[in-house]
Amino acid sequence: MKLLIIHKTQFGYHNNAFKLCQYLKDRIDITYICFDGHKKIEEPDVTVKYVPVCFPKQIRGVLFMLLSLFYTLIWRGGILVYYFPGCEWYKRLSRRKKMLLDIRTLSVYEDEKRNQKEDERIKKTAGRYDFVTFLSEEMRNKIGFSRDKSAIVPLGADVISTSAKVYIPIKLLYVGTFMNRKLDRTLEGLKRFVDNNPTAQIEYHIVGDAGMNHRDVETRLQDYVDQSGLGSIVFFHGRIPNKDLKPLFDLCNVGVSFVPITPYFDFQPVTKTFEYAMSGLYVIATKTFENRQVIDERNGILIGDTPDSFANALQYIYENNERFDEQVVRNSLSDYLWSTIENKRMYPVLDALFNE
């Protein structure tokens, strides 16, 4: 099977797409089209076509669409598109080509009316494609999409760290975007915990960024750390490819899966929730619907999305860490290995659609 993947995120920086390539490249001849901009990640036997970011934003967007549309027109094989606004044009211009649309997220704006409008757009776009994959049943139900034209391919995770875990001193790890995540609340919670426990040993390692157009978000977080006196225990590492996260997963023992508890995040699974637990990290997770499906007393603690809730979780870990069992934490989500998800959930969808 030949497969063309169209994704605006650079190869290696979107975990779902990267894992598909890693685990299915021996069964599928894959070509991947994306933007450039970060350090390139190489994967043997996967061909990557880059659109450079040295041009202004609008020109980059035009170049990406032209290159990817050209490939869809000449491509002889299956086409997988990871949803972005405007991707309906692939099917409009190449109606006879079989295409699969993968929807990883619904709209997550703070404005509910904007969310509804964008979700309707997603549904309309999905209706143009031959088949659609969703991350969860709840996402599919939310936009009311047909079951006959879709399948559920859930999140997976790899065991990033196999190092032995003890849970004191507390070493927190957050990996993810800073956009719309209210990470300042975790910093405020950390400050309250430190003030209440001045002798406690604790560190907080934060990986990620807010994107090129939202540097102010990062600046505000750094300013809070500087002003609150947390500079000696909070460390910002910037964006790190998933394949390079092992040293931090080895170092840390508590994972932070913090997303605001809102209608638009409620049905959005969090990749790092799985990766933390499968690597032995006890998980602090906000109690969204999806986090409630996988986090319980075996592997973590569910909290509200407030500074006090975060501080209380730290207090609980500080006082009860000797009760945590690393192997119980690791084994709690073993059914979600990426190798299983890609070979037993994603490949059958591709095979049925493109090998008919």
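How much space lies in the largest cavity? In this predicted model, the answer is about 50 Å³.

The largest cavity is lined by Asn16, Leu20, Tyr82, Asp102, Arg104, Val153, Pro154, Trp338, Glu342 and Met346. Two helices, helix 1 (15-24) and helix 13 (338-354), each supply at least two residues of this lining. Of the contributors, helix 13 gives the most, with 3 residues.

Leu66 belongs to helix 2 (residues 57-74). Is Leu66 buried or exposed? Leu66 counts as exposed because its relative accessibility is 52%, and the term applies over 50%.

Charged side chains provide the next topic. The structure holds 19 salt bridges, among them a contact between the side chains of Asp36 and Lys40, with a distance of 2.8 Å from N to O. Lys40 is partly exposed, at a relative accessible area of 39%.

Helix 6 (residues 184-196) contains Lys191 and Asp195; because these residues are 4 residues apart in that helix, about one helical turn separates them. Their side chains meet in a salt bridge of 3.3 Å, N to O. Lys191 counts as partly exposed at 25% relative accessibility, and Asp195 is likewise partly exposed, with a relative accessible area of 47%.

Helix 8 (residues 246-251) holds Lys246 and Asp250, which are also 4 residues apart, about one turn of the helix. The side chains of Lys246 and Asp250 form a salt bridge at 2.7 Å, N to O. Lys246, at 39% relative accessibility, counts as partly exposed; Asp250 is partly exposed as well, with a relative accessible area of 27%.

Finally, salt bridges may join into a group of residues. Which residues are linked in a network of salt bridges? They are Glu137, Arg140 and Arg147.

Conventions
Residues are numbered from 1 along each chain as its sequence is written. This is a predicted model: local features need pLDDT of at least 70, side-chain atom pairs count only at pLDDT 80 or more; totals for chains, interfaces and linings use all residues. Side-chain values use heavy atoms; hydrogens and water are left out. On a 1 Å grid over the protein atoms alone, a cavity is a set of points where a 1.4 Å probe fits but cannot get out, and a pocket is an open set with protein on both sides within 12 Å along at least five of seven lines; lining residues have an atom within 4 Å of a point. Grid points are joined across faces, edges and corners, and a volume is the space filled by probe spheres set on the points. Buried means under 20% relative accessible area, exposed over 50%, partly exposed in between (1.4 Å probe, protein chains only). A salt bridge is a side-chain nitrogen of Lys or Arg within 4 Å of a carboxyl oxygen of Asp or Glu.
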